[in-house]
Amino acid sequence: MTASALSSLQSHASRLSGASIAQLLKDEPGRIERHSLKVGPLYANFARQRYDAQAWDALLELGRGLDLGAAFRRLFDGEKINSTEGRSVLHTALRGNLSQAAVAQEAHRTAAEVRQRMGALIQALETSEVTDIVSVGIGGSDLGPRLVADALRGPLPGRFRVHFISNVDGAAAQRVLAPLDPRRTAAILISKTFGTQETLLNGAIVRDWLGGSERIYAVSANPGRAAAAFDIAPERVLPMWDWVGGRYSLWSAVGFPIALAIGFDRFCQLLEGAAEFDRHALEAPLESNLAVHHGLTAVWNRNALGLASQAVMTYDQRLALLPAYLQQLVMESLGKRVKVDGSPVDGDTVPVWWGGAGTDVQHSFFQALHQGTGIVPADFIGTVHNDDPYTDNHDALLSNLLAQTEALANGQGSEDPHRAYPGGRPSTTILLDALTPQSLGALLAMYEHSVYVQSVVWGINAFDQFGVELGKQVANTLLPALRGQSRAEDPVTAELIRRLGR
Ligand code: F6P
């Protein structure tokens, strides 16, 4: 986005600064229809965002000027849009076949082959004594599998109980392993690089606890290293590739724990749901493209209204891990301050993403959302149909979702300032027909593509993450200092090490 596009959006925002959301709805016939989209199992309503028709046209114009359609084509065709690392970005090829480009075709073919191998490994495990699976990985090698396995598992354990270890804190491993029987447990070590400290240390704990590598599987883009480090037989190592970013990888063999938790067929349905959304993102015109609508709304809130945080509230307990998953997807992708060519971006990029599960969070931080000085736009996500037998609860859950979005938008006056609600707090409501593998696949693909839209608007690379490297390097130099084998140079760190008694 150029500086002049940014200032044009900001002038629309100033023009609208006094307009209430209720007024915008009153003044614009057709607003709800224009800002509601139904794509497969997803419905989204953006009518409570604080743009009017003119501002929305400016956003669409921005999207047209950037040729978002061509940008999607470059993604699906495997052009090296991860330019800082010289890589294609082909997570869409893991779940669908929407490009004739040779590189995408090859990715799609290899992905299907590996998926078949994964299916065969699952079949073999099903006929074994194994009842529990421990998945070891962190970041993109953990958050997606953890979210989907939790969201789509039934109320009772399936054939396998799947557990996750990510944090390098040994207490995490201890808690997961203590109740399990090593003779009936298998482990999957997931790491794209197989150089991640947390996963190597936790993998070693699990291998020692299992008494060897016989029931250890690995998923990695560095399969040789995985096999050698843990002495894993090659048939138990599943590959991934440098064209899949960690936070976009749950569709690959990184989803092995998902397939074990919910069944291989349902894992394939998850992929189908995402692929259907991919087709929509690639083919729908900008005006009716849900990923574009979501992405441009995020740009409006950040750049025109200057809102520095964005929340996501899940009115379905099974999606409770979605905010944590989205934090990595969105903030690791968009937390950049220079454009692809290295020049500084105009204006701000990613806000802070956070959130929680309704109705719990209504009783914690919603006070601040209703009456605090800061405005936090939020996505409210619910499911039309519940799968539990407690329909009264589902009605109550949905009435709370509806009530919160309405109250945040409209507020309520009072002569007593302590009891007044200012309103004007924007939200988007997203409804899934029901929580199924297909609808969850579509929802996650929607967020992935919205992130891509935002990255194109800001001119940044959504697919690298150099920002996480410095902390890792410093930790590597401080480990010997903590063990008394070297000295920390930074005086505060040196004092803290002294306090730690080392
Ligand atoms: O530290 C960030 C990160 O590099 C993420 O991008 C990635 O998902 C995670 O670490 C884990 O990396 P790996 O899969 O290579 O262990």
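**Entry 1: a helix pair**

I began with Lys 472, which is partly exposed at a relative accessible area of 44%. I use buried for under 20% relative accessible area, exposed for over 50% and partly exposed for in between (1.4 Å probe, protein chains only). The model is predicted: local features need pLDDT of at least 70, side-chain atom pairs count only at pLDDT 80 or more, and totals for chains, interfaces and linings use all residues. Residues are numbered from 1 along each chain as its sequence is written, and side-chain values use heavy atoms, with hydrogens and water left out.

Which residue does Lys 472 form a salt bridge with? I found Glu 469, with the closest N and O atoms 3.7 Å apart. My rule for a salt bridge is a side-chain nitrogen of Lys or Arg within 4 Å of a carboxyl oxygen of Asp or Glu. Both residues sit in helix H18 (residues 469-482), 3 residues apart, about one turn of the helix. Helices (H or I, at least four residues) and strands (E, at least two) are DSSP runs, numbered from the N terminus. Glu 469 is partly exposed, at 32% relative accessibility. I also noted a network: salt bridges that share partners join Glu 28, Arg 31 and Arg 34.

**Entry 2: two further pairs**

I looked up Asp 316 and Arg 318 next. Their side chains meet in a salt bridge at 2.8 Å, N to O. Asp 316 is buried, with a relative accessible area of 4%. Arg 318 is partly exposed at 24%.

Then I checked Arg 184, whose side chain meets that of Glu 129 in a salt bridge (3.9 Å, N to O). This pair links distant parts of the chain, 55 residues apart. Arg 184 is in the loop between helix H8 (170-177) and strand E5 (185-190). Glu 129 is in the loop between helix H6 (102-126) and strand E3 (132-136). Arg 184 counts as partly exposed at 35% relative accessibility, and Glu 129 as exposed at 57%.

How many salt bridges are there by this rule? I recorded 29.

**Entry 3: the whole protein**

I have 19 helices and 11 strands for the protein. The C-alpha atoms fill a box of roughly 70 × 55 × 50 Å along the principal axes. Of the 502 residues, 51% count as buried.

I turned to contacts (heavy atoms within 4.5 Å). Among those with a separation of 6 or more, residues 24 or more positions apart account for 76%.
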